[in-house]
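Let's take a walk through a protein structure together.

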Amino acid sequence: MQRPLLALLMIIPLAALADLEISDAWIKNLPASVPVRAGYLTLRNLTKKSVTIVGAISPGFASVEIHRSVSQDGMARMEAVPKLQIEGGTTVRLEPGGLHLMMMQPAQPTSPGELYRITFEYADGSRQSLQMEVRK
Ligand SMILES: [Cu+2]
């Protein structure tokens, strides 16, 4: 039952009606002992004006932040990105080693194949929800 649905979700651009087309949204699975998960996705701004993400929530996690991985003096660390602006007509990728969603304190252990709902809040007050799939 689950397979055809998943295939469909991957073919249809998620939330195509909103200003941002969000695709390839997934969460890297980690053992239950790790208190955070990293989430990745691709944000395509189909409009001519910039769109700014000012927050994100997911019912499966205590909180969600946008982070950027940076290396400074040979040390890798992460910094919070409180607002993520996507210029009109551009694509921003959250991917391993760069920008990512830091999803704090999962309510229960995650496992590959599960879907988690996430809702983004934009600077204009609008919201957009989509599903993210847990992958190995
Ligand atoms: Cu992080």
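The paragraphs below go from the overall layout to single residues.

Residues are numbered from 1 along each chain as its sequence is written. This is a predicted model, in which local features need pLDDT of at least 70, side-chain atom pairs count only at pLDDT 80 or more, and totals for chains, interfaces and linings use all residues.

How confident is the prediction? The term pLDDT stands for the predictor's confidence in each residue, from 0 to 100. For the protein chain the mean pLDDT is 90, with 87% of the residues at 70 or more. Over residues 12–16, however, pLDDT stays under 50, and the model has 10 contacts beyond four places in sequence for them. Two residues are in contact if their C-beta atoms, placed from the backbone, lie within 7 Å. Where pLDDT is low, the predicted coordinates should not be read in detail.

Now for the layout. The protein chain holds 1 helix and 10 strands, in the order α-β-β-β-β-β-β-β-β-β-β along the sequence. Here helices (H or I, at least four residues) and strands (E, at least two) are DSSP runs, numbered from the N terminus. Among the contacts in the protein chain with a separation of 6 or more, 65% link residues 24 or more positions apart.

Next, look inside. A residue counts as buried if 20 or more other C-beta atoms lie within 10 Å of its own, as exposed if 12 or fewer do, and as partly exposed in between, with C-beta atoms placed from the backbone. By that count, 21% of the 136 residues of the protein chain are buried. A nonpolar core is a set of buried Ala, Val, Leu, Ile, Met, Phe, Trp, Tyr and Cys residues joined through C-beta atoms within 7 Å. The largest one has 21 residues, and I22, A56, V64, L101, I118 and M132 have the most contacts inside it. At least two residues of this core come from each of β1 (20–28), β2 (36–45), β3 (51–57), β4 (61–72), β8 (99–106), β9 (115–122) and β10 (127–135). With 4 residues, β1 gives the most. Leaving aside neighbours within four places in sequence, M132 is in contact with residues including W26, G39 and Y116.

Strands pair if DSSP finds at least two bridges between them. β4 runs antiparallel to β8, joined by 7 bridges, and R68 stands opposite L99 in β8. β4 also pairs with β5 in the antiparallel sense, over 6 bridges, and there H67 stands opposite A80 in β5.

Back in β4 you will find A62, which is partly exposed because 13 other C-beta atoms lie within 10 Å. Not counting residues up to four places away in sequence, A62 touches M104 and Q105. Q105 sits in strand β8 and has a positive phi near 50°, though it is not a glycine. With 11 other C-beta atoms within 10 Å, Q105 is exposed.

Finally, visit Q108 in the loop between β8 and β9. Q108 and F61 are 47 residues apart in sequence, yet 8.6 Å apart in space, C-alpha to C-alpha.
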